[in-house]
Amino acid sequence: MSPWLAPLRLIADFALPPRCPGCGAVTGEDHRFCAVCWGALRFLAPPWCATCHAPFAYDRGAEAQCATCIADPPRHAGVRAAVAYGDVARTVALRLKYGGRTAFAETVGRQMARLLPDDADVLVPVPLHRWRLWSRGFNQAALISAALTRVSGVANDPLLLRRVRATPPLRAMGAKARARAVAGVFRVIDPKAQLRRKSVVLIDDIYTSGATTDGCTAALLRAGAAKVTILCWARVLDSAD
């Protein structure tokens, strides 16, 4: 920083101190949570299902699977989420998505980086339809993907996957209705996309039923990806949420 700008930075830091993304309390650094919000976050890590990474209450062994994956194995290579969906995680996601707090993309990206697969070749954000993108002004998944690239150095491609048809809100739908709503919605438009034998990491903010990411995974695998791992900020573990 230029020595001429240093006094201005001090004034700005005093007038606009770093604040907790969860509650707005003053913190020591940007992108840091206060002690209360930090304590309220449930960070996800092993032990978990070997296939989908749903967390287990205790270690069942490295190859243990949850009942869902035994009955219906997913096509993706696992869902990795920094935290479980809860009050603080929801607040951060909503402020990023609807409150215009785009800097929170780096906040959540820093927490997601620890779960980035070692063999990741490219990060691909879940796309928005162009009408939704124009109305909102940004794609929160693309912002998170870019933040992860800055932290990890893994390349990201926000234009590789497209949402070719708008879909209604999925929140009020059941699992089967969600799957029908996103069927055929996602495509890899560029036939020259270099995906063959690539390990793709699909980036999103919240993982709920998996309908959207399943649709994205199918499109990426059809285009030649070797595997698709889903990486997100928060994962809904309680269906009531």
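Leaving aside neighbours within four places in sequence, isoleucine 144 is in contact (heavy atoms within 4.5 Å) with Leu96, Ala105, Val108, Gly109, Met112, Ile203, Asp204 and Asp205. The model is predicted, so local features need pLDDT of at least 70 and side-chain atom pairs count only at pLDDT 80 or more, while totals for chains, interfaces and linings use all residues. Residues are numbered from 1 along each chain as its sequence is written, and side-chain values use heavy atoms, with hydrogens and water left out.

Ile144 is one of the buried residues of helix H7, together with Gln140, Ala141, Ser145, Ala147 and Leu148, where buried means under 20% relative accessible area with a 1.4 Å probe, protein chains only. Seen down the axis of H7, these buried residues fall within an arc of 165°, taken from the directions from the axis to the C-beta atoms, so they line one face of the helix. Among the elements that cover them are helix H4 (87-97), helix H5 (104-112), strand E5 (199-207) and strand E6 (227-235); helices (H or I, at least four residues) and strands (E, at least two) are DSSP runs, numbered from the N terminus.

Just after the helix, glycine 153 takes a positive phi of about 85°.

Note on methods. Buried < 20%, exposed > 50% of the residue type's maximum accessible area, 1.4 Å probe, protein only.
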